[in-house]
Amino acid sequence: MGQAEPTGRGRSCARAHGGLIGVAVILAAVTGGWLSLPAGAAGILPPDNPPANVALSSPDFLTSIDTARADEGVGPMNVSESVVSSMPVAEQAFIIVNEERINRGLPPIAYVTAQLNADAQQGANAGDDPGFPTALSGGGSLAWGGSVWAGGLTSVFGADYYWMYSDGYGGTGGATTNAECSTPSASGCWGHRDILLHEFSSCGSVAPTLAMGAASSPTATAGGSIAVVLVSTCGAPPSDVTLTWSQVEGTVFAAPRIIGLATLGNGQGYWEAESNGAVAALGAAVNYGSMASTSLNSSIVGIEATPDGRGYWLVAADGGVFAFGDARFYGSTGALHLVAPIVGMASTPDGGGYWLVAADGGVFSFGDAPFRGSMGGHALNQPIVGMSADPTTGGYWLVAADGGIFSFGAPFFGSTGAVLLNRPIVGMEALSSGQGYRFEAADGGVFCFGAAAFAGSMGGQALVAPVVGMAADPATGGYWLVAADGGVFSFGDAAYYGRIVG
C-alpha cells in the first residue's frame, strides 16, 4: 500500500446510511420505496456494519479482502488479481465494486461513463471526495449520488480493503484511516462502505439506472490518490458510456487464471502458470512441480525459467518464491510488509539469482543479482507491471502500464510512455542479445524497440480474455503471447505447442 496508514473520506448527495458529513448537494427523493433486500443476500448490509475493523492478514490486499469477506460469511472475490490490476483504474474499480455488491445480493452498477470518470479525476487530483453532476450525459437527472476517496494508495484493491473492511473507528494512535470516523460514535464511521453497498431507490415499478466513474492520481497525495463516484437516475442509459457490466462480466472471473508463460531456451516448449500455482508443461517442457495443492498466502503473479530450461521459479504477489527443478531458492519478500505487491521477476543470466519488482517500482535483489536501482519512492504515472533482465550488462528494465520504461544498468531503446494506448501494457520481454525489447498490451498489441523485430500481434482482434504475458523464442526470434484463459498465440517462427484448456 502507498503509506502505512492511508486516509479516506466519503460523501453522498442523498445521504447514505451512516449520514456522512461533507454533503455536496441534496437531491430530491425518487418516487418509490427503497429496494427490498435482494434474494440471496449474504454478509453484512447497511444500515448494519461490521463490529470492528479487520486487520490486514497479508501484504497482498486481495488476500486480506478475501480473509475479511470470509469473516463476514461472503466467499472470496472470483477475480484474477493480475488481470484486473493490468486494467485502467476506472475498469478496476468497476469490477471490484461490483464484485463487492453482487456477492452480497445487490444489483451491479451497469455503466462506467466518461463524465463520471472526469468527476472522479477531479477528486483524485484534488485529494478529496469528487462532486456530482446534476444530470448524466444524455439527460437523466441524478436521483442519488455518493463518492469516496482514499489517499496514500495506488492500489484499487487496497482502497477497497480500507473502504470496506477497515472503515470504522480503530482507536487512538493512528489506527483509524477513515477521516470521518474520529470517534467511535461519529456518523461517518463505515460511511465509505455504506456508499459502495448502497441500496438504490427504485423508480416506481422499474429499477434505477446505475452508473459510476473512477480515477487515480499518483501525485495528489503522498503515495497516491483514488476516487470513485456512484450515481443513480430514473432516466435512459447515459450517452457517454465507456464500459458496461455485460462487457466485462465473465471475462475477468472464474479464477484461477493464467498469469504468465516461460519458455525453453531452445524454443521447443513452454510452461503456462496459473494464479493458484498450477503449472502446465507443453511441448518438450518438463513439469517439475507446482503449488496447485498448497494453500498460498497470495496469488501467483509470475513464472521465470532457469537459463538451462531445467527448472523454474514461481513468484507470488507477497514476494514468496517457489523453486522447482534445478532452480534454487535465494530468498524472498514473503515475510516482509511490502508497500506494493510484487508484479514480476527476472533471472540473472547464470541462474544464480533473481530480481523481484513491485507495482511501485521497488526492486529486490537475491543471489548474484546486483541491485542497480529502482523507482521505489518515486511518483509514477502508472504502476509497474513487469521487468526484464539485460543479459549483457547485468542491468534490467522496468515497464509501467503506460509503456514507460525505466532502465537501470541497461540501455534505453524507447517506450510508449507518450503514446495513447488502446489498452494498458501488461509486461515485456528482452532479446537474449540485450539489444532490444518488446511490450505486450492487454488487447494483444505488441510494441518493439531496438533490434526487436515485429512479427505480428493480436491487436484489433476479438479476444475471449485479455493478454497477460509474453515470452521470446531465443531459437527463432519469434515470440508467444498468452491470454488469461490460457490461449497461446505464436508469431514469427515460434512454434505452437498447445495450451491449457479449461
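In the predicted model, the secondary structure of the protein chain comprises seven helices and 24 strands. Of the 502 residues in the chain, 58% are buried, and the accessible surface amounts to about 17,900 Å², with 53% of that area belonging to carbon and sulfur atoms. Among the contacts with a separation of 6 or more, 55% are made by residues 24 or more positions apart.

Two disulfides are present in the structure, and when the bonded cysteines are numbered in sequence order the pairing reads 1-2, 3-4. One of them is formed by Cys 181 and Cys 189, whose sulfur atoms are 2.0 Å apart; the torsion about this S-S bond is about 90°, so the disulfide is right-handed. Cys 181 is buried, at a relative accessible area of 0%, and Cys 189 is likewise buried, at 11%. A disulfide also joins Cys 203 to Cys 234, with an S to S distance of 1.9 Å, and here the torsion is about -85°, so the disulfide is left-handed. Because Cys 203 lies in the loop between helix 6 (191-196) and strand 4 (209-217), while Cys 234 lies in the loop between strand 5 (225-233) and strand 6 (241-244), the pair ties together parts that are 31 residues apart in sequence. Cys 203 is buried, with a relative accessible area of 13%, whereas Cys 234 is partly exposed, with a value of 43%.

Strand 20 (residues 436-441) is joined to strand 21 by five bridges, and Arg 438 has Cys 448 in strand 21 as its bridge partner. Cys 448 is partly exposed, with a relative accessible area of 25%.

The aromatic pairs number 22. One of these consists of Tyr 270 and Trp 480, which are arranged edge-to-face, at 5.3 Å centre to centre and with 65° between the planes. This pair links distant parts of the chain, since Tyr 270 belongs to strand 8 (residues 269-274) and Trp 480 to strand 23 (residues 479-483), 210 residues apart. Tyr 270 is buried at 0% relative accessibility, and Trp 480 is also buried at 0%. Elsewhere, one aromatic cluster is formed by Trp 397, Phe 413, Tyr 437, Phe 439 and Phe 449.

Definitions and conventions: Residues are numbered from 1 along each chain as its sequence is written. This is a predicted model: local features need pLDDT of at least 70, side-chain atom pairs count only at pLDDT 80 or more; totals for chains, interfaces and linings use all residues. Side-chain values use heavy atoms; hydrogens and water are left out. Two strands pair if DSSP finds at least two bridges between them. Helices (H or I, at least four residues) and strands (E, at least two) are DSSP runs, numbered from the N terminus. Rings of Phe, Tyr and Trp (its six-membered ring) pair if their centres lie within 6.5 Å; planes under 30 degrees apart count as stacked, over 60 as edge-to-face and the rest as tilted. Buried means under 20% relative accessible area, exposed over 50%, partly exposed in between (1.4 Å probe, protein chains only). Contact means heavy atoms within 4.5 Å. Accessible areas come from the Shrake-Rupley method with a 1.4 Å probe; for residues, only the protein chains shown count as cover. A disulfide is a pair of cysteine sulfur atoms within 2.5 Å.
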